[in-house]
Amino acid sequence: MDAFFEHVYTAVRRIPRGEVASYGQIARYLHAPRHARVVGWAMRQSPPDVPAHRVVKQNGELASGLLFNGKTQKERLLEEGVTFSQAGRVKMELHSWTACPL
């Protein structure tokens, strides 16, 4: 599992500011399409240099209760220019990581 986590961290480090990817997108990017939950586990244990706040649910929902360097996921994403719907979800059509398959 540790090797897979490292691949996840490498992929997530590539997500540019202002863009997000879903757990499933990261799993598919790593040619492990059935491992979206494992990507989630990796994000919960990620080192500080991994921008884990840029990984969201497929529908743009945010992870619940996580803090990233003392800020909520939404605060971190707003600082990067990510926009949200009235329902509080990331507008995936505007901010999905373009290098990562949908």
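Arg76 is buried (under 20% relative accessible area, with exposed meaning over 50% and partly exposed in between, for a 1.4 Å probe and protein chains only), yet Arg76 has no salt bridge. A salt bridge here is a side-chain nitrogen of Lys or Arg within 4 Å of a carboxyl oxygen of Asp or Glu. The nearest side chain of opposite charge is Glu79, 4.2 Å away. Lys and Arg count as positive, Asp and Glu as negative, and His and the chain ends are not counted.

This is a predicted model, in which local features need pLDDT of at least 70, side-chain atom pairs count only at pLDDT 80 or more, and totals for chains, interfaces and linings use all residues. Residues are numbered from 1 along each chain as its sequence is written, and side-chain values use heavy atoms, with hydrogens and water left out.

**Around Arg76**

Arg76 sits in helix α4, residues 73-79. Helices (H or I, at least four residues) and strands (E, at least two) are DSSP runs, numbered from the N terminus. What does Arg76 touch, leaving out residues up to four places away in sequence? The list is His53, Phe68, Asn69 and Lys71. Contact means heavy atoms within 4.5 Å.

His53 lies in the loop between α3 (36-44) and β2 (55-56). Is His53 buried or exposed? His53 is buried, with a relative accessible area of 2%. Beyond four places in sequence, His53 touches Phe68, Gln73, Arg76, Leu77 and Glu80.

**Salt bridges**

How many salt bridges does the structure hold? The count is six.

Arg17 lies in the loop between α1 (2-13) and β1 (21-22), and Glu80 in the loop between α4 and α5 (92-95), so the pair ties together parts that are 63 residues apart in sequence. Arg17 is exposed, at 58% relative accessible area. Glu80 counts as buried, at 11%.

Arg54 is buried, with a relative accessible area of 9%.

Salt bridges that share partners join Arg17, Arg54 and Glu80 into one network. Glu79 is partly exposed at 45% relative accessible area, and Lys71 is partly exposed at 32%.

**The cavity**

A search of the whole structure finds one cavity of 30 Å³ or more. A cavity is a set of points, on a 1 Å grid over the protein atoms alone, where a 1.4 Å probe fits but cannot get out; lining residues have an atom within 4 Å of a point. Grid points are joined across faces, edges and corners, and a volume is the space filled by probe spheres set on the points.

The largest cavity has a volume of about 30 Å³. Which residues line the largest cavity? They are Tyr23, Met43, Ala52, Val55, Ala63, Leu66, Phe68 and Gln73. By class, the lining has seven nonpolar, one polar and no charged residues. Ala, Val, Leu, Ile, Met, Phe, Trp, Tyr, Cys and Pro count as nonpolar, Asp, Glu, Lys and Arg as charged, and the others, Gly among them, as polar.

In α3, Val38, Val39, Gly40, Ala42 and Met43 are buried. The buried residues of α3 pack against α1, α2 and β2.

His31 lies in the loop between α2 (23-29) and α3. His31 is exposed, with a relative accessible area of 73%. Most residues other than glycine have a negative phi. His31 has a positive phi of about 60°, although it is not a glycine.

**Trp97**

Where does Trp97 lie? Trp97 lies in the segment after α5. At 5% relative accessibility, Trp97 counts as buried. The C-alpha atoms of Trp97 and Gly18 are separated by 8.8 Å, while the two residues are 79 residues apart along the chain. Leaving aside neighbours within four places in sequence, Trp97 contacts residues including Ala11, Arg14, Ile15, Pro16, Glu19 and Val20. Ala21, Gln25, Ile26 and Tyr29 are also in contact with Trp97.

Definitions and conventions. On a 1 Å grid over the protein atoms alone, a cavity is a set of points where a 1.4 Å probe fits but cannot get out, and a pocket is an open set with protein on both sides within 12 Å along at least five of seven lines; lining residues have an atom within 4 Å of a point.
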